Amino acid sequence: MKTMEADVVVIGGGPSGLSATAQAAENGMDVVLLEKANVVGGAANMGMGPLGIGTKQQSDMMVDIDVERAFKKFVEYTHWRTDARLVKKYFENSGETIKWLEETVGVEFAGAYKYFPKSDATWHIVAVNGGIGRNGGAIMNKHLAEYAEENGAKILFETPAKKILKDDEGKVCGVLAVDKDGEEVQVNCKAVIVATGGAGDNPEMIKERTGYIFHGNMFNFAIPGLKGDGIRMAMEAGAATTPMNVEMMYILPNSDFGPDCIPSVFMQPNLMVNQLGKRFINEEEMQNTTFCGNAISFQKGAVGYSIIDSRIAKQYMKKGVDVVNFVHHPEDVADFQEAVEASIANDNPDVVMADTIEELAQKLGIDPEALEDQVDEYNEMCESRDTLFYKDPKFMKPIEKAPFYAAKFRPGAYGTLGGIKIDEDAKVLDDNWDPVPGLFACGTDTCTIYGDSYMFLLPGNTMGYCVNTGRFAGDSAADYVNDLED
Ligand SMILES: Cc1cc2nc3c(=O)[nH]c(=O)nc-3n(C[C@H](O)[C@H](O)[C@H](O)COP(=O)(O)OP(=O)(O)OC[C@H]3O[C@@H](n4cnc5c(N)ncnc54)[C@H](O)[C@@H]3O)c2cc1C
């Protein structure tokens, strides 16, 4: 067995672990980061950017949001079923963290954006080739890793942590890991920070802790390696656990990574029905992926069908979609019909096309009469108003002209949320709410601030939480080690 020495060991190199590593190293700690994968970044390599409040980008873009307004909105949304002190500290530090990322770590931001019209412009999208693009999170993670290394941190890749070690007095004193050759590595240290990103790739834990069934009623991103290791290790080391949830969204499981025009068109606020052929949501809310995911997961079979006709499709192909977001963002969807036809020819079960509503219903497994009734009612409301869910009349477009198109949306999740109980300084607490000496945690392993539903109204929220709690953990671990040495 190899042994190493450090002040602080960080387990997991996503945005929370990288920020914790960078912060602790900046504070003079000798830090070893253990990463299971052969790259840093975790789930955030697929993301676009973190939340910030009170930033230069927001004042440059005349965005009206401050900590007080964001905090009040947040606690109202969560009905105060949250750690309000942690939320306040996170929001209060989020502006300075964007500045730190930009000026100290070297991350360039394209600006501060809304995710959808009803949200606030808190999403600080990392610049990709100087503008908005996907996967800017990977660029941020690369900068964080480089900055941590410049400050002396060591990153050990393909070295999963297995166990947190404690001494006779109950203080954390090291981590047991296994390197890529299968050899055991023991890193002796004074403090450990857990940042393993939750259990998105652990269907058993998801079922046990949230009730969702992977590829039954939950089609979550299963980022390889996110097995809940940190939650298990922290609990074995004395941590209290918290309720766990998923970061809810909705998804076309077989099309989300196909041509962008397919999800972009079907996520427009047209007609959405359930397996009974009935509307169940004001389709304007389809832009809020958590709200729509919640509503879909509440339906029979956990499925929602988005339906358009060829007049709507043609209008979008000619003039662009009604509502643009930065994830499925092409305004130009001219290739929609071609893409749908190719998808159907390739047996994609997510998309369906038919010449009549009856045929569409049959292909979707909905009672044809029920769907015809719903379409008739909807079309009538398009001429007056939506007296069922009060949708804005500008989005009320009748479903009349063949061919008709439908897409089958399912509940999805970016990952899991929560598992390890921490306080606002990212100290891990035991069942008595006393700190476990030398143990800290951050990121999604600890994130229970949203109550029952992820808060997309202030976008960039999880990555923002991860980077900020990572820095809190880095600071707290450094303070703890310094206090031990005094
Ligand atoms: C497609 C997609 C897009 C997203 N976009 C955004 C966005 O734009 N804005 C936003 O706010 N959020 C976004 N998110 C969510 C955000 O990326 C995550 O919340 C965030 O990455 C979580 O960070 P983390 O550090 O807690 O965990 P992760 O990023 O998941 O990192 C955990 C790391 O721990 C490592 N690890 C696991 N077990 C061990 C072990 N035993 N030993 C050592 N290492 C281990 C993993 O390999 C991984 O590298 C997105 C998520 C997805 C999937």
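In the predicted model, helix α6, which spans residues 203-210, has M205, I206 and R209 among its residues as buried positions. Because these three residues cover an arc of only 100° around the axis, they fall on the same side of α6. The face of α6 turned away from the buried side carries E204 and E208, both of which are exposed. The buried residues of α6 pack against β15, and the helix is followed by G211, a residue whose phi is positive, near 90°.

Strand β15 (404-417) also belongs, together with α1 (15-26) and α14 (461-485), to the elements that give two or more residues to the shell around the ligand. In total, 40 residues surround the ligand, the closest being G14, G42, G47, G197 and G443. Helix α14 provides the largest share of this shell, with five residues. By residue class, the shell divides into 18 nonpolar, 19 polar and three charged residues.

At the level of the whole chain, the assignment separates domain 1, formed by residues 2-244 and 418-485, from domain 2, formed by residues 248-412. The C-alpha centres of domain 1 and domain 2 are 35 Å apart, and the contact takes 15 residues from domain 1 and 16 residues from domain 2. On the side of domain 1 that touches domain 2, the residues comprise 11 nonpolar, three polar and one charged.

Conventions
Residues numbered from 1 in each chain as written. Predicted model: local features only at pLDDT ≥ 70, side-chain atom pairs only at ≥ 80, totals over all residues. Domains from an automatic or database assignment. Contact = placed C-beta atoms within 7 Å. Nonpolar A, V, L, I, M, F, W, Y, C, P; charged D, E, K, R; others polar. Near = placed C-beta within 6 Å. Helix = DSSP H or I, 4+ residues; strand = E, 2+ residues; numbered from the N terminus. Buried ≥ 20, exposed ≤ 12 C-beta atoms within 10 Å, placed from the backbone. Arc of directions from axis to C-beta.
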